[in-house]
Amino acid sequence: MIKAIETEYHGLKFRSRIEARWAYVFDLLGVKYEYEKETYALPAGAYLPDFWLPEIERWVEIKGVTPNDRESKLAYQLA
């Protein structure tokens with residue numbers, strides 16, 4: 001497993017470089033986002049989605065690899 005590298009961008013600390021890169025892409029596209037806005041208590045456990053896109057009311061979860069079964073279940077339950 002590849003270890004995530006905490007990265008700062010626009011005054012925010014992202015848990016990984018790939019998340020910071022997506023924030024950069026959202027900024028380039030003019031897409032407003034909120035990073036790790038809220039934690040949810042779901043049947044499969046606590047879930048903190050990466051990005052909330054308020055203008056289209058959608059969550060975006062960034063994964064460097066294919067999500068495992070627990071991650072997939074949490075995303076499904078949040079949806």
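Glutamate 61 counts as partly exposed, because its relative accessibility is 28% (buried means under 20% relative accessible area, exposed over 50%, and partly exposed in between, with a 1.4 Å probe and protein chains only). This is a predicted model, where local features need pLDDT of at least 70, side-chain atom pairs count only at pLDDT 80 or more, and totals for chains, interfaces and linings use all residues. Residues are numbered from 1 along each chain as its sequence is written, and side-chain values use heavy atoms, with hydrogens and water left out.

**Salt bridges**

- Side chains of opposite charge can pair when their charged atoms come close.
- The structure holds 5 salt bridges (a side-chain nitrogen of Lys or Arg within 4 Å of a carboxyl oxygen of Asp or Glu).
- Glutamate 61 pairs with lysine 63 in one of them, at 3.3 Å from N to O.
- Lysine 63 also meets glutamate 71, at 3.2 Å from N to O.
- Through shared partners, Glu61, Lys63 and Glu71 are joined into one network.
- Lysine 63 is partly exposed because its relative accessibility is 33%, and glutamate 71 is partly exposed because its value is 26%.
- Another salt bridge links lysine 32 to glutamate 55, with the closest N and O atoms 3.7 Å apart.
- Lysine 32 sits in the loop between H1 and E3, and glutamate 55 in the loop between E6 and strand E7 (58-60), so this pair ties together parts that are 23 residues apart in sequence.
- Both lysine 32 and glutamate 55 are exposed.

**The nonpolar core**

- The largest nonpolar core has 10 residues in all, including Tyr9, Phe14, Ala20 and Phe51 (a core is a set of buried Ala, Val, Leu, Ile, Met, Phe, Trp, Tyr and Cys residues joined through side-chain atoms within 4.5 Å).
- Two or more residues come from each of H1 and strand E6 (51-53) (helices, H or I, have at least four residues and strands, E, at least two; both are DSSP runs numbered from the N terminus).
- H1 gives the most to this core, with 3 residues.
- Beyond its neighbours within four places in sequence, alanine 20 is in contact with Thr7, Tyr9 and Phe14 (contact means heavy atoms within 4.5 Å).

**Around glutamate 34**

- Glutamate 34 belongs to strand E3 (residues 34-35).
- Glutamate 34 is partly exposed because its relative accessible area is 32%.
- Leaving out residues up to four places away in sequence, glutamate 34 touches Asp50, Phe51, Trp52 and Pro54.
- Glutamate 34 and proline 54 are 20 residues apart in sequence, yet 7.7 Å apart in space, C-alpha to C-alpha.
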